[in-house]
Amino acid sequence: MSTVLKVDDINVYYGSIHAIKGISFEVNEGEIVTLIGANGAGKSTTLNTVSGLLRSRTGSVTFLDQDLGKVPAHKVVTKGLALVPEGRRIFQQMTVQENLDMGAFIRKGGNIEEDMEMVFDYFPRLKERRWQIAGTLSGGEQQMLAMGRALMSQPKLLMLDEPSMGLAPILVEQIFEIIQNLHKAGKTILLVEQNAQAALSVADRGYVLETGKIVTSGTGAELLASPAIKKAYLGG
Amino acid sequence: MEFLSYLISGISLGSVYAIIALGYTMVYGIAKMLNFAHGDVIMIGGYVSFCAMFYLGLPPVVATLLAVLACTALGIIIERLAYKPLRSAPSLAVLITAIGVSYFLQNSALLIWKAAAKVYPPVIDGSAQLFDGQLKIPYISILTVFACLIIMAALSLFVSKTKMGKAMRACSEDKGAAQLMGINVDATISITFAIGSALAAIAGVLMCSAYPSLMPTTGSMPGIKAFTAAVFGGIGSIPGAFLGGLLLGIIESMAKAYISTNLANSIVFAVLIVVLLVKPAGLLGKYVPEKV
Ligand SMILES: Nc1ncnc2c1ncn2[C@@H]1O[C@H](COP(=O)(O)OP(=O)(O)O)[C@@H](O)[C@H]1O
Ligand SMILES: [Mg+2]
């Protein structure tokens with residue numbers, strides 16, 4: 001099993017706020033790895049640092065044996081890394097189709113049409129709404145669009161930042177089903193969640209983040225069973 | 001007949017405002033800043049084309065091309081030197097810098113070309129005579145309106161159909177998300193300034209041909225009017241800038257003709273205020289609600 005992403009001792013600051021304090025973790029090929037933690041633990045900061053939107057003062061981020069430290073943010077996606085950001089951040093004024101086109105922005109020709117069909121297989125709702133303005137979609141549909149858009153870049157690692165945020169339980173279930181389908185299709189996924197129960201039940205491995213530090217790690221099953229985790233994150 | 005002639009001069013003036021407003025609105029839409037130096041780029045375009053025609057004896061088309069090239073370069077340089085370092089600064093700092101750039105351009109022009117007004121040689125002379133000469137339409141008016149329509153159509157196509165245009169729309173909505181798609185935001189902003197400044201050069205040539213007195217401050221009033229037009233139509237919207245510019249020109253021309261020359265500007269701004277009270281986002285401005 002080869003390592004896809006290796007994050008080694010990163011420290012990230014917002015001005016004088018020390019948000020990430022020496023985090024290290026890795027994601028191997030074909031795995032779902034989850035980072036869980038309460039609001040403000042530093043999950044998004046970690047993902048944004050991996051994507052190059054933020055920079056670490058120390059350590060390194062290595063993706064497929066390549067140091068991402070000097071790669072500008074807009075080049076990261078060309079390396080095979082796609083982030084579905086917190087709050088979806090789809091292009092509200094563009095159509096569903098145009099959003100998916102933006103996902104394939106870096107690609108030149110190839111089988112873009114084929115991949116769009118693949119996205120529509122995962123998210124049939126998007127096909128129905130192909131020509132609709134994305135801002136008029138429901139929250140769940142917007143999440144699907146954000147994930148579909150990321151898949152359009154043919155990522156070797158898909159990073160999801162709280163895909164269940166603000167969604168009704170039935171939609172959360174749907175989203176996690178799709179995450180599992182992607183996993184079965186061989187995708188490597190780094191999943192950030194506050195919904196520890198849902199995340200740990202689909203994850204191969206997990207890391208628990210508290211105020212910018214990793215406090216525990218283990219397999220999904222181990223963490224789900226751990227009394228400390230149960231108490232802190234799973235409501236007793 | 002009189003009315004028709006005022007209407008035509010209004011449409012022609014409005015077309016100049018629209019071309020300038022398109023530059024304003026694109027820069028605002030993508031860089032989220034009000035480039036108050038935009039009007040002064042028009043003035044530079046005027047001087048460059050003036051020098052090309054007057055001193056070098058070049059034909060108007062070549063002079064216009066030179067002005068476009070010079071202003072495009074100027075736009076890119078202004079963005080690099082003055083605005084790019086402030087990308088993450090508060091918008092007030094950027095605004096003040098833009099005002100500074102505006103004065104810098106005006107004073108540089110004052111040094112190079114002096115304060116005395118230059119008489120601009122129009123790029124085309126004469127006028128079309130209609131109804132046995134009762135209605136005269138200057139060729140420059142016709143040229144201006146056509147130029148505006150072509151620019152408007154070309155920009156709309158560019159923004160909706162080309163890859164670069166889509167990148168611009170993505171940047172205008174969310175720069176972080178655009179970067180995640182692999183869009184080079186800095187390059188996109190540079191190109192936006194280049195396009196806006198090229199349009200300013202064209203506006204400069206057309207405007208100076210219609211109103212042939214060229215001074216270092218020539219660009220500031222049309223700049224402010226075009227900014228008003230962009231807000232009027234809905235800042236950030238390309239059809240909005242077009243519509244806003246056109247309406248502003250017509251209102252100004254009518255107010256001058258039928259109410260008072262001195263009050264024309266006040267009337268223009270009064271209309272703006274009324275429109276903004278009724279439609280805060282401007283005539284075609286979009287308000288997009290956030291969804292969770
Ligand atoms: N733009 C910002 N400016 C200053 N502090 C920030 C900013 N974004 C996040 N933080 C702080 O960094 C810490 C980690 O935030 P974040 O990564 O968003 O947490 P999470 O995604 O786990 O909820 C929090 O204390 C938060 O207040
Ligand atoms: Mg977060």
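1. Buried means under 20% relative accessible area, exposed over 50%, and partly exposed in between, with a 1.4 Å probe and protein chains only. Ser44(A), at 19% relative accessibility, therefore counts as buried. The structure is a predicted model, in which local features need pLDDT of at least 70 and side-chain atom pairs count only at pLDDT 80 or more, while totals for chains, interfaces and linings use all residues. Residues are numbered from 1 along each chain as its sequence is written, chains are lettered from A and ligands numbered from 1 in the order in which they are written, and side-chain values use heavy atoms, with hydrogens and water left out.

2. Metal site. The magnesium ion (ligand 2) has Ser44(A) (OG) and Glu86(A) (OE) as its protein donors, lying 1.9 to 2.0 Å from it. The pair links distant parts of the chain, 42 residues apart: Ser44(A) sits in helix α1 (residues 43-50) of chain A, and Glu86(A) in the loop between β6 (81-84) and α3 (96-103) of chain A. Glu86(A) counts as partly exposed because its relative accessibility is 35%. Donors are N, O and S atoms within 2.8 Å of the metal (3.2 Å for Na, K and Ca); water is not among the atoms, so sites may look incomplete. Helices (H or I, at least four residues) and strands (E, at least two) are DSSP runs, numbered from the N terminus.

3. Thr49(A). Helix α1 of chain A also holds Thr49(A), which is buried with a relative accessible area of 6%. Leaving aside neighbours within four places in sequence, Thr49(A) is in contact (heavy atoms within 4.5 Å) with Ile10(A), Val12(A), Leu54(A), Arg55(A) and Ser56(A). From Thr49(A) to Leu171(A) the C-alpha to C-alpha distance is 28 Å, and the two are 122 residues apart in sequence.

4. Backbone points to check. Leu64(A) lies in the loop between β4 (60-63) and β5 (66-67) of chain A and, at 36% relative accessibility, counts as partly exposed. Arg88(A), again a residue other than glycine, has a positive phi near 65°. Arg88(A) is placed in the loop between β6 and α3 of chain A and is buried, with a relative accessible area of 3%.

5. Helix α3 of chain A. This helix is mostly covered, with seven of its eight residues buried: Val96(A), Gln97(A), Glu98(A), Asn99(A), Leu100(A), Met102(A) and Gly103(A). The cover over the buried residues of α3(A) includes α4 (112-122), α5 (124-128) and α6 (139-151) of chain A, together with α6 of chain B. Asn99(A), in this helix, counts as buried because its relative accessibility is 0%. Not counting residues up to four places away in sequence, Asn99(A) touches Ile90(A), Phe91(A), Met94(A), Ala134(A), Leu145(A) and Arg149(A).

6. Ala196(A). Ala196(A) belongs to helix α8 (residues 196-202) of chain A and is buried, with a relative accessible area of 1%. Although 162 residues apart in sequence, Ala196(A) and Thr34(A) are 8.9 Å apart in space, C-alpha to C-alpha. With neighbours within four places in sequence left aside, Ala196(A) is in contact with Ile36(A), Tyr233(A) and Leu234(A).

7. Helix α5 of chain B. Helix α5 (residues 139-161) of chain B has 23 residues and reaches 32 Å from its first C-alpha to its last, close to the 33 Å expected at 1.5 Å a residue. The expected span is 1.5 Å times one less than the number of residues in the helix. Buried residues in α5(B) include Ile140(B), Thr144(B), Cys148(B), Ile151(B), Leu155(B) and Val159(B). Among the elements covering the buried residues of α5(B) are α1, β3 (135-138), α6 (163-173), α8 (185-210) and α10 of chain B.

8. Second largest pocket. Its volume is about 340 Å³. A pocket is an open set of points on a 1 Å grid over the protein atoms alone, where a 1.4 Å probe fits, with protein on both sides within 12 Å along at least five of seven lines; lining residues have an atom within 4 Å of a point. Grid points are joined across faces, edges and corners, and a volume is the space filled by probe spheres set on the points. Of the 16 lining residues, Leu13(B), Tyr17(B), Tyr211(B), Glu252(B) and Lys256(B) lie nearest the centre of the pocket. At least two lining residues come from each of α1 (2-31), α9 (220-233) and α10 (238-259) of chain B, and α1(B) gives the largest share, five residues.
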